[in-house]
Amino acid sequence: MRKKFLGREWFFEDFLPNEPQKSTWGFLIEREIYSGKSKFQKIEIFENEEFGKILVLDGIVQLSTKFEYIYHEMLVHPAMLYHKNPKRVLIIGGGDGGCLREVRKHPVKEICLVDIDKKVIEVSKKYLPSVSAGSFDDKRLKIFNEDALKFLEKYQGLFDVIIDDLTDPKGPSLSLWEKKFYQKILNVLNKGGIVSMQAGYLREKFSEKLRKKIEKNFPFFVLHSAFVDCFPMSEHVFFIGSRDFDFDKVSFKEILKKFKKLKLKTKYYNPKIHFCSRL
């Protein structure tokens, strides 16, 4: 929501459904870059000196160009390096292109991106080009603008890694935070397949309840965390799960070896962060 405060216009983040309305956060709107509506949600992009350009969907902050690399690197690289040899990767959501940018640093054969809202991709490519960094032109990429639940029904045992970059449980992503969705994800993973998903703030009661719901559906899982400046409530949590992959059996030495072999260029993530960030 936009409010006048101290004589200037500010943005304050909306509350999620059933979330305690006791605190929120905001930032000064120094420039409005884009504001419009798609078939599914309201899309806004603002500029602020501290955060850079900020993408907001239905009143909830999705990223800031100054700090998105922390979020996207942590959502993508731990899962990709846990896996023995990922070749087919599915990104659910992620229309801004940040996860895609990080996935394409790996020698995968195919990347599928499923985002129901084509407008988010179009707006992000035009106004947030630094986030995708040309990744939408990658020949390995196939884009599907359709409902993720329906997309998952078409495939079984196809993907090695799934990156679940959903918006918070509101609007078009609400149905993708339920047991039915997690079961479908498990069905489309290959043997040894891994899914990584954003799982809210570490100490937020609302997010704690969501994580407990997610954990019940995955026989093996691990949590990583990182503080992302444009999500200031507390550390952001990244849930990584699998049907048959034991994350505790992966050593620092293995992750370090893979990281060096791939010559990954990252700003935040590295093998030490990988293990220090585990909860």
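These are my notebook entries on one predicted protein model, from the whole chain down to single residues.

**Ground rules**

I'm working with a predicted model, where local features need pLDDT of at least 70 and side-chain atom pairs count only at pLDDT 80 or more, while totals for chains, interfaces and linings use all residues. I number residues from 1 along each chain as its sequence is written, and the side-chain values use heavy atoms, with hydrogens and water left out.

**Entry 1: the whole chain**

I started with the secondary structure and found nine helices and 14 strands in the chain. Helices (H or I, at least four residues) and strands (E, at least two) are DSSP runs, numbered from the N terminus.

Next I looked up the overall size. The C-alpha trace spans about 55 × 40 × 35 Å along its principal axes.

How much of the chain is buried? Buried residues make up 54% of the 279 residues. My cut-offs: buried is under 20% relative accessible area, exposed is over 50%, and partly exposed is in between (1.4 Å probe, protein chains only).

I also noted an accessible surface of about 13,200 Å², with 51% of it belonging to carbon and sulfur atoms. Areas come from the Shrake-Rupley method with a 1.4 Å probe, and for residues only the protein chains shown count as cover.

Then contacts, meaning heavy atoms within 4.5 Å. Of the contacts with a separation of 6 or more, 65% are between residues 24 or more positions apart.

**Entry 2: charges and salt bridges**

I found 51 positive and 38 negative side chains, and the centres of the two sets lie 5 Å apart. Here Lys and Arg count as positive, Asp and Glu as negative, and His and the chain ends are not counted. Each charge is placed at NZ of Lys, CZ of Arg, CG of Asp or CD of Glu.

Side chains of opposite charge can pair when their charged atoms come close. I looked for salt bridges (a side-chain nitrogen of Lys or Arg within 4 Å of a carboxyl oxygen of Asp or Glu). The structure holds 15 of them.

Which residue does Arg101 pair with? Its side chain meets that of Glu68 in a salt bridge, 2.9 Å from N to O. This pair links distant parts of the chain, with Arg101 in helix 2 (residues 98-103) and Glu68 in helix 1 (residues 68-82), 33 residues apart. I checked the burial too, and both Arg101 and Glu68 are buried.

Lys142 and Glu110 form another salt bridge, with their closest N and O atoms 2.9 Å apart. They also link distant parts of the chain: Lys142 is in strand 10 (residues 141-144), Glu110 is in strand 9 (residues 110-114), and they are 32 residues apart. Lys142 counts as partly exposed because its relative accessibility is 43%, while Glu110 has 16%, so Glu110 counts as buried.

My next pair was Glu146 and Lys154, whose closest N and O atoms are 3.0 Å apart. Glu146 is partly exposed at 22%, and Lys154 is exposed at 52%. I also noted that salt bridges with shared partners join Arg2, Glu9, Glu32, Lys42 and Glu44 into one network.

I picked Asp164, which sits in strand 11 (residues 159-165). Is Asp164 buried or exposed? It's buried, because its relative accessible area is 1%. Beyond residues up to four places away in sequence, Asp164 touches several others, including Leu75, Phe181 and Met197.

Tyr201 lies in strand 12 (residues 189-201) and is buried, with a relative accessible area of 8%. Leaving aside neighbours within four places in sequence, Tyr201 has contacts that include Glu13, Trp25, Arg211 and His236.

**Entry 3: positive phi**

Most residues other than glycine have a negative phi.

Leu6 has a positive phi of about 55°. I found Leu6 in the loop between strand 1 (2-5) and strand 2 (8-12), and it counts as exposed at 70% relative accessibility.

Asp58 has a phi near 50°, also positive. Asp58 lies in the loop between strand 6 (52-57) and strand 7 (60-64), and it is partly exposed at 22%.
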